[in-house]
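Let's take a look at this protein together. Start by turning the model around, then read on.

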Amino acid sequence: MSLASEDSGLSVRKKVRILNLYIDNFSKDEFLKKLKQGVVFTPNVDHLMQLQENRQFLQAYKAADYLICDSQILVYASRFLGTPFKEKLSGSDVFPEFCHYHKNNPNIRIFLLGAAPGVAKKAQARINAKVGREIVVAEYSPPLGFENDEQECQKIVQLINDSGATVLGVGFGSPKQELFISKYKNQFDDRVKILMGIGATIDFEAGNVKRAPSFLSDIGLEWFYRFMIEPRRLWKRYFVDDVGFLWLILKQKLKIYKAPF
């Protein structure tokens, strides 16, 4: 069963089908103006490949109100399929733009969740300095294996609810961040209007990890830069798990692709 193309009552908008996802087709400006509430996930090639075999991940994805294109490779695929995205909206680009967009909006108060100990706190300080106000009101870096500790997860929920935040940015990596958001989103205070899966953004904002040069990102080679930085961690993802993506896109082009669930 493919992910529904319905809009969860948030108004009709254009989407692009890539395999078993219907991904929103926004420009960055359109998305920033549109985003008032809801769950935001940022699909890329790795997500789409996981969604071909991981039912739990697919179920978690159904919690999303917005899916935005996180990959230049997906932009190329959309052009090949004849339904082009307006632009790439990677989470690590959109999140800082979101902070800048709301720099004078006191109703936007962000909780950063994720990264290694001390990294989120550093990101908080740097973001607030750039924005010019305390837009990030709190942060927390949970211990390894927290997702298997319900007591720790309930502690996290309480920290978020007590913080007064209206926006939650979760940077655990996938599928952990999507599974966490889908499982606990209904336990957050009503004030928490926006929940975003932001991957490595906390590390980038803290200056803990360097992003790829923009010219590499613009031509779809950010993944290769990241591989060169962390080859032992990423070689399997990029050279084993994700290599079948091109074949699946060709099958979709030929109208012989079938959603796995």
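## What counts as a contact

Two residues are in contact when they have heavy atoms within 4.5 Å. Among contacts here between residues at least 6 apart in sequence, 71% join residues at least 24 apart.

## Where the model comes from

This is a predicted model, so local features need pLDDT of at least 70 and side-chain atom pairs count only at pLDDT 80 or more, while totals for chains, interfaces and linings use all residues. Residues are numbered from 1 along each chain as its sequence is written, and side-chain values use heavy atoms, leaving out hydrogens and water.

## Overall build

You'll find 13 helices and eight strands in the protein; these are DSSP runs, with helices (H or I) of at least four residues and strands (E) of at least two, numbered from the N terminus. Laid along the principal axes, the C-alpha atoms fill a box of roughly 50 × 40 × 35 Å.

How much of the protein is buried? Buried residues make up 50% of the 261, where buried means under 20% relative accessible area, exposed over 50%, and partly exposed in between (1.4 Å probe, protein chains only).

## A closer look at K88

K88 sits in the loop between α4 (72-80) and α5 (91-101). Is K88 buried or exposed? K88 is buried, because its relative accessible area is 14%.

Leaving aside residues up to four places away in sequence, K88 touches C69, D70, S71, Q72, V75, D93, S217 and E222.
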